[in-house]
Amino acid sequence: MTAAPRPSPDEDDRLEAAERRWRQDVLDPALARTGQRQEAFRTQQLHWPVQDVYTPRDLEAIGFDYLKDLGFPGEFPYTRGTTPGGYRQDFWKMLQVTGFGTAKDSSERWSKMLEQGLNGFIIEYDLPTTNGYDSDHPLAEGEVARAGTAIDTLPDMVQALDLPWDKLQHLNSVCNAPQPVNLAMILAALEEKGIDPASFTLQMSNAILIEYTCVGRYIYPPKHGLRIATDCIEYTIRNCPNWIPITVVSAQIYAARANPVQELAFGFSIAMEYLDATLERGFDIDEVAPYWSFVTGLEMDFMEAVSKLRAYRKIWARLMKERYGARKPESMELRLISSPGTTGLTLQQPLNNIARLAIQMLACAAGGGAYAITTPLHDEAHALPTEEAVRTGIAVQHIVAHETGIADTVDPFAGAYMLEVMTKRMEDEVMAEIEKIDAMGGALAAIEAGYFQKELARSQRARFSEIEDGVRKQVGVNHLVDPDEDRAIEVFKLGQEAERKQVDQLTRIRRDRDEEMVAKALERVREAAMGDENLVPPILDAVKALATQGEICDVMRDVFGVYHPDSLTSGV
Amino acid sequence: MAERKIRVLLAKLGLDSHTVGVTVIAQSLRDAGMEVIYTGLRQTPDMVVQAALQEDVDVIGISSLSGAQMQHIPKVLDKLREEEIDDKLVVVGGVIPDEDADSLLASGVDRVFTMGAKTSEIAEFIREWWDEQQSSHASVSSEGA
């Protein structure tokens, strides 16, 4: 499909007359016979009215301009994609989010996934690791090695990165609050293994502000979280220029049931908070903007999803060019990972989730532009995914890529009247919400005031009510329900063995290390934290001295304090 | 005298930070006329039981999505017994595999709501329990009279 040329006034009159005739002579009599399925039609999450038909007159009404609103792929405003050839050049990178057990358990699973057809993966750490606690901390009991892999010390990371490096192109590490420790451990592990950091791309989440918004794995108060994140960004840009030090995972905001407008507006506002903090350290916008990356979530409303992906690229390009005065194309080209299955997978009738994932994956490919797509898994609503679910997830990626033809043209739905109307409206509403957040003083101020948290709580309640009240149908949940459904499904099981092994290894390392060296290294971290020196170099030394993740974070807890949300900022 | 509101403590244990479920439940129970006290994240079983005592709640709702439910929840039940306040209604919600749900029920949890449970169903369950309590108290006091 290509965009319709803008109609001339004469043509517009002809179209209006033709539509009037069609409604009167064709549509109305048909509806008089059958009626409509429902009185009004709306999009699923934004509840925008959906018209019965869209025509070129709708494009005229929004002032749609092919060159201004679409242009060509690989050029401003990048609505049609950030690369000229889109997926004709190459498919997206195929990733999965995973991690469980000890470092050894995970590196075995990751190696297998790379052999099975993925280009990379997203490391998920267990809750003690992402919260900056060691595996033997009292709060860690029962959580060690469970919802991700456990990393206490450098030897754990060395073991985790025991991978087929010839197959790995992309590694994404999701560790926000203790990000400098995580970065230091990866750097030290690569050094120990003799792997050149330039031989692959490491993408770090490092978007701590999202944790205060909805995920909850924060440690220090937000302004200190921002400083630590900015230290990692600065260090990485200067020392590992092919790595990506900041990823705003707006998918997490979406998973917390934000609507697409909130997802983009909150995500961009958070991204700009980091950008401003980095620019304050003396960088030029074109030196840093190309490093910003995003992960977006997708759900089942196909048109909302596709228009969101297109608006995402267009808004970033505009923000960089118009607000920050970026000049280099790379600064305006959104680096995006799409993440289907963020919400909307059901516990009931779990095999239906394979169909849902395929549709969402198709929306990712149709919306184009994502340089990577993560495969979600159909049994995630139950427990940690089974190996069969991992394999099926990979297959869904390859089915969409190789069997549907969707990737053979760039931005295949461009010019579709409804899609262009929705893309423009998405852009306008996101920009309006960003301006509202600007007026509050930006994302940090909005989080400190509890604005994001309150808006999300409202949105969550509304989304759940729609399903409960049956306003929105979900197969297996409130439609085609099987009252005798046996919800038994093969569930991946992890015994207590991993936790015991992890704690044993930690105890052994603590016993055998040079305590004096550890104490000195931790003291250096404290000095850096108290001043404004970049924290990564002293943390790197501490990691090499075998200081643990929890010990390093404790020093910073001591200096920065610990964040305790109140009733306003918790969202509850 | 106005009827006393049912007081519900909603708790998150350990390092589980998934709060969507607990946020939605908090709002729906408030909408259903109950008083909701939320512990916030990173609570130990002891902290939860102490909060239940201090706030004098009738119901303890534990939300769990990280998979560590079997580590923490039995300890909450033990502590409730130690403190002799095991007459509270204890409900659990979240991602709970069937066999864990069975063990939790066996160790004293009154009801496990897994994903897909309706918020109205949870509120109704609490309300029915409460009404039953009230009527049994009323019959005890009328027998006493």
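Trainee: Hi! In what order do the five strands of the open sheet in chain A come?

Mentor: Hello! This is a predicted model, and in it the order is β1-β9-β8-β7-β6 of chain A, with parallel pairing.

Trainee: Which strands stand at the edges there?

Mentor: Those are β1 (93-95) and β6 (246-249) of chain A. Each has a single partner strand, so one side of each is left without a neighbour in the sheet.

Trainee: And what does the twist average from one strand to the next?

Mentor: The twist averages 20°.

Trainee: Over how many bridges do β1(A) and β9 of chain A pair?

Mentor: Three bridges, in the parallel sense, with β9 covering residues 372-374 of chain A. If you'd like a spot to look at, find A:M94: its bridge partner in β9(A) is A:I373.

Trainee: Let me switch to the open sheet of four strands. What's the order in that one?

Mentor: In chain A that sheet goes β2-β3-β4-β5, and the pairing is parallel. Its edges are β2 (97-98) and β5 (201-204) of chain A. Both have a single partner strand, so each is left with one side lacking a neighbour in the sheet.

Trainee: How many bridges join β3 to β4 in chain A?

Mentor: Five bridges, between β3 (residues 120-124) and β4 (residues 170-174) of chain A, and the two strands run parallel. Within this pair, A:I122 stands opposite A:N172 of β4(A).

Trainee: Which helix lies across β2 and β3 of chain A?

Mentor: That's α5 of chain A, residues 103-115. The helix runs at about 160° to β3(A).

Trainee: Now a single residue. Where does A:S173 lie?

Mentor: You'll find A:S173 in strand β4 of chain A.

Trainee: Is A:S173 buried or exposed?

Mentor: A:S173 is buried: its relative accessible area is 0%, and the cut-off for buried is under 20%.

Trainee: What does the side chain of A:S173 make a polar contact with?

Mentor: With the side chain of A:Y125, at 2.7 Å. Leaving out residues up to four places away in sequence, A:S173 also touches several others, including A:I123, A:Q179, A:N182 and A:I186. Also among them are A:L202, A:Q203 and A:M204, and those three positions fall within β5 (201-204) of chain A.

Trainee: Last topic, confidence. What is the mean pLDDT of chain B?

Mentor: The mean is 90 for chain B, and 94% of its residues reach 70 or more. Where pLDDT is low, the predicted coordinates should not be read in detail.

Trainee: And what ipTM does the predictor give the complex?

Mentor: An ipTM of 0.85, along with a pTM of 0.92.

Technical notes: Residues numbered from 1 in each chain as written. Chains lettered and ligands numbered in written order. Predicted model: local features only at pLDDT ≥ 70, side-chain atom pairs only at ≥ 80, totals over all residues. Heavy atoms only, no water. Pairing = 2+ DSSP bridges. Axes fitted to C-alpha atoms, helices over the stretch in contact; angles between N-to-C directions. Contact = heavy atoms within 4.5 Å. Buried < 20%, exposed > 50% of the residue type's maximum accessible area, 1.4 Å probe, protein only. Polar contact = N/O pair within 3.5 Å; in protein donor to acceptor, adjacent residues only side chain to side chain. pLDDT = per-residue confidence, 0-100.
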